[in-house]
Amino acid sequence: MKPEIRIVPMGPEHIPALARLERLCFSVPWSEAGLSEELLNPAAVFSVAVQEEEILGYAGMHHLFDEGNIINIAVFPEHRRKGVASDLLFSLVRYGIDNSLARLTLEVRPSNAGAVALYESFGFEPVGRRRNFYSRPAEDGLVMVKRL
(Lines give C-alpha, C1' and ligand atoms only; values in the text may rest on other atoms or scores of the structure.)
Protein backbone atom coordinates (compact mmCIF):
# COMPACT_ATOMS: atom_id res chain seq x y z
CA MET A 1 0.00 0.00 0.00
CA LYS A 2 1.32 3.43 -1.01
CA PRO A 3 1.72 6.11 1.64
CA GLU A 4 -1.04 8.71 1.65
CA ILE A 5 -0.85 11.92 -0.34
CA ARG A 6 -0.72 14.92 1.96
CA ILE A 7 -1.58 18.48 1.00
CA VAL A 8 0.67 20.94 2.86
CA PRO A 9 1.21 24.71 2.66
CA MET A 10 3.91 25.72 0.17
CA GLY A 11 7.18 26.59 1.88
CA PRO A 12 10.60 27.77 0.76
CA GLU A 13 11.83 24.18 0.67
CA HIS A 14 9.35 23.40 -2.15
CA ILE A 15 10.31 26.26 -4.48
CA PRO A 16 13.13 24.64 -6.55
CA ALA A 17 11.03 21.56 -7.35
CA LEU A 18 7.95 23.65 -8.15
CA ALA A 19 9.94 25.90 -10.50
CA ARG A 20 11.15 22.73 -12.26
CA LEU A 21 7.52 21.54 -12.47
CA GLU A 22 6.48 24.90 -13.91
CA ARG A 23 9.09 24.54 -16.69
CA LEU A 24 7.78 21.05 -17.47
CA CYS A 25 4.12 22.05 -17.62
CA PHE A 26 3.82 25.60 -18.88
CA SER A 27 5.12 27.54 -21.87
CA VAL A 28 5.40 30.67 -19.71
CA PRO A 29 6.52 29.22 -16.36
CA TRP A 30 6.79 30.93 -13.01
CA SER A 31 10.37 31.40 -11.85
CA GLU A 32 11.75 30.50 -8.43
CA ALA A 33 11.67 34.22 -7.61
CA GLY A 34 8.01 34.51 -8.65
CA LEU A 35 7.01 31.48 -6.60
CA SER A 36 9.02 32.75 -3.63
CA GLU A 37 7.19 36.09 -3.78
CA GLU A 38 3.93 34.24 -3.24
CA LEU A 39 5.20 33.12 0.17
CA LEU A 40 5.02 36.80 1.21
CA ASN A 41 1.70 37.57 -0.49
CA PRO A 42 -1.11 37.67 2.09
CA ALA A 43 -3.67 36.86 -0.63
CA ALA A 44 -1.82 33.72 -1.76
CA VAL A 45 -3.08 30.25 -0.95
CA PHE A 46 -0.50 27.79 -2.33
CA SER A 47 -0.43 24.11 -1.44
CA VAL A 48 1.85 21.22 -2.32
CA ALA A 49 0.96 17.55 -2.72
CA VAL A 50 3.58 15.34 -1.10
CA GLN A 51 3.95 11.62 -0.59
CA GLU A 52 6.51 10.79 2.03
CA GLU A 53 9.17 13.38 1.06
CA GLU A 54 8.42 13.48 -2.68
CA ILE A 55 6.70 16.50 -4.22
CA LEU A 56 3.95 15.38 -6.59
CA GLY A 57 2.42 18.71 -7.62
CA TYR A 58 1.02 21.98 -6.41
CA ALA A 59 -1.92 24.37 -6.63
CA GLY A 60 -2.08 28.12 -6.22
CA MET A 61 -4.92 30.55 -5.66
CA HIS A 62 -5.38 34.18 -4.69
CA HIS A 63 -8.06 34.96 -2.08
CA LEU A 64 -9.44 38.45 -2.69
CA PHE A 65 -12.54 39.61 -0.82
CA ASP A 66 -15.12 36.82 -1.26
CA GLU A 67 -13.52 35.22 -4.30
CA GLY A 68 -10.71 32.78 -4.94
CA ASN A 69 -8.93 32.93 -8.29
CA ILE A 70 -7.14 29.67 -9.04
CA ILE A 71 -3.86 30.43 -10.76
CA ASN A 72 -2.26 27.03 -11.32
CA ILE A 73 -2.63 23.35 -10.69
CA ALA A 74 0.32 21.29 -11.88
CA VAL A 75 1.39 17.68 -11.33
CA PHE A 76 4.66 16.03 -12.30
CA PRO A 77 4.05 13.80 -15.36
CA GLU A 78 4.93 10.57 -13.55
CA HIS A 79 2.23 11.28 -10.93
CA ARG A 80 -0.64 12.18 -13.24
CA ARG A 81 -3.83 10.13 -13.40
CA LYS A 82 -3.42 9.17 -9.72
CA GLY A 83 -5.82 11.68 -8.17
CA VAL A 84 -3.19 14.27 -7.24
CA ALA A 85 -4.83 17.14 -9.17
CA SER A 86 -8.20 16.19 -7.68
CA ASP A 87 -6.73 16.25 -4.17
CA LEU A 88 -5.21 19.66 -4.81
CA LEU A 89 -8.40 21.07 -6.30
CA PHE A 90 -10.44 19.63 -3.43
CA SER A 91 -8.13 21.43 -0.98
CA LEU A 92 -8.84 24.75 -2.73
CA VAL A 93 -12.59 24.14 -2.73
CA ARG A 94 -12.44 23.18 0.95
CA TYR A 95 -10.48 26.39 1.67
CA GLY A 96 -13.16 28.38 -0.16
CA ILE A 97 -15.95 26.82 1.86
CA ASP A 98 -14.08 27.16 5.16
CA ASN A 99 -13.38 30.84 4.45
CA SER A 100 -16.91 31.70 3.24
CA LEU A 101 -15.90 32.53 -0.31
CA ALA A 102 -18.79 33.12 -2.71
CA ARG A 103 -17.05 31.58 -5.70
CA LEU A 104 -13.86 30.22 -7.22
CA THR A 105 -12.77 31.32 -10.68
CA LEU A 106 -10.07 30.18 -13.09
CA GLU A 107 -8.92 30.35 -16.68
CA VAL A 108 -7.97 27.25 -18.61
CA ARG A 109 -6.91 26.54 -22.17
CA PRO A 110 -9.99 25.16 -23.96
CA SER A 111 -7.67 22.67 -25.68
CA ASN A 112 -6.70 21.20 -22.28
CA ALA A 113 -9.56 18.71 -22.25
CA GLY A 114 -8.28 16.86 -19.18
CA ALA A 115 -8.18 20.02 -17.07
CA VAL A 116 -11.58 21.19 -18.33
CA ALA A 117 -13.07 17.78 -17.45
CA LEU A 118 -11.50 17.90 -13.97
CA TYR A 119 -12.94 21.35 -13.29
CA GLU A 120 -16.36 20.35 -14.60
CA SER A 121 -16.33 17.28 -12.33
CA PHE A 122 -15.96 19.69 -9.38
CA GLY A 123 -18.90 21.80 -10.55
CA PHE A 124 -17.06 24.56 -12.38
CA GLU A 125 -19.08 26.00 -15.25
CA PRO A 126 -17.81 27.91 -18.29
CA VAL A 127 -18.96 31.55 -18.19
CA GLY A 128 -16.90 33.24 -20.89
CA ARG A 129 -13.58 33.62 -22.66
CA ARG A 130 -10.61 35.93 -22.33
CA ARG A 131 -9.37 36.61 -25.85
CA ASN A 132 -5.72 35.68 -26.42
CA PHE A 133 -5.20 35.04 -22.70
CA TYR A 134 -2.43 32.50 -23.35
CA SER A 135 0.71 32.74 -25.44
CA ARG A 136 3.12 30.13 -26.81
CA PRO A 137 0.80 29.12 -28.44
CA ALA A 138 -1.78 31.89 -28.50
CA GLU A 139 -5.15 30.70 -27.25
CA ASP A 140 -8.18 32.13 -25.54
CA GLY A 141 -8.70 31.42 -21.86
CA LEU A 142 -11.92 29.64 -20.96
CA VAL A 143 -13.25 31.33 -17.80
CA MET A 144 -14.88 28.89 -15.39
CA VAL A 145 -16.67 29.57 -12.10
CA LYS A 146 -17.78 27.46 -9.18
CA ARG A 147 -20.26 29.03 -6.81
CA LEU A 148 -19.78 27.94 -3.21
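Colleague: Which element gives the largest share of the lining of the largest pocket?

Modeller: Quick caveat: this is a predicted model, where local features need pLDDT of at least 70, side-chain atom pairs count only at pLDDT 80 or more, and totals for chains, interfaces and linings use all residues. Residues are numbered from 1 along each chain as its sequence is written, and side-chain values use heavy atoms, with hydrogens and water left out. Helices (H or I, at least four residues) and strands (E, at least two) are DSSP runs numbered from the N terminus. With 7 residues, the largest share of that lining comes from β4.

Colleague: How much space lies in the largest pocket?

Modeller: On a 1 Å grid over the protein atoms alone, a pocket is an open set of points where a 1.4 Å probe fits, with protein on both sides within 12 Å along at least five of seven lines; lining residues have an atom within 4 Å of a point. Points are joined across faces, edges and corners, and the volume is what probe spheres set on them fill. For the largest pocket, that gives about 1,100 Å³.

Colleague: Which residues lining the largest pocket are closest to its centre?

Modeller: α1 (15–25), β4 (67–75), α3 (84–98), β5, α4 and β6 each supply at least two lining residues. Of the 33 lining residues, the closest to the centre are Phe 26, Ile 73, Asn 112, Ala 115 and Tyr 119.

Colleague: On to salt bridges: how many are there?

Modeller: The rule wants a side-chain nitrogen of Lys or Arg within 4 Å of a carboxyl oxygen of Asp or Glu. By that rule, the count is 5.

Colleague: Which residue does Arg 130 form a salt bridge with?

Modeller: The closest N and O atoms of the pair are 2.9 Å apart. Arg 130 sits in strand β6 (residues 125–134) and its partner in strand β5 (residues 103–108), 23 residues apart. The partner is Glu 107.

Colleague: Is Arg 109, which pairs with Glu 139, buried or exposed?

Modeller: Their closest N and O atoms are 3.0 Å apart. Arg 109 lies in the loop between β5 and α4 (113–121) and Glu 139 in strand β7 (residues 139–147), so the pair ties together parts 30 residues apart in sequence. Buried means under 20% relative accessible area, exposed over 50%, partly exposed in between (1.4 Å probe, protein chains only). At 17%, Arg 109 is buried.
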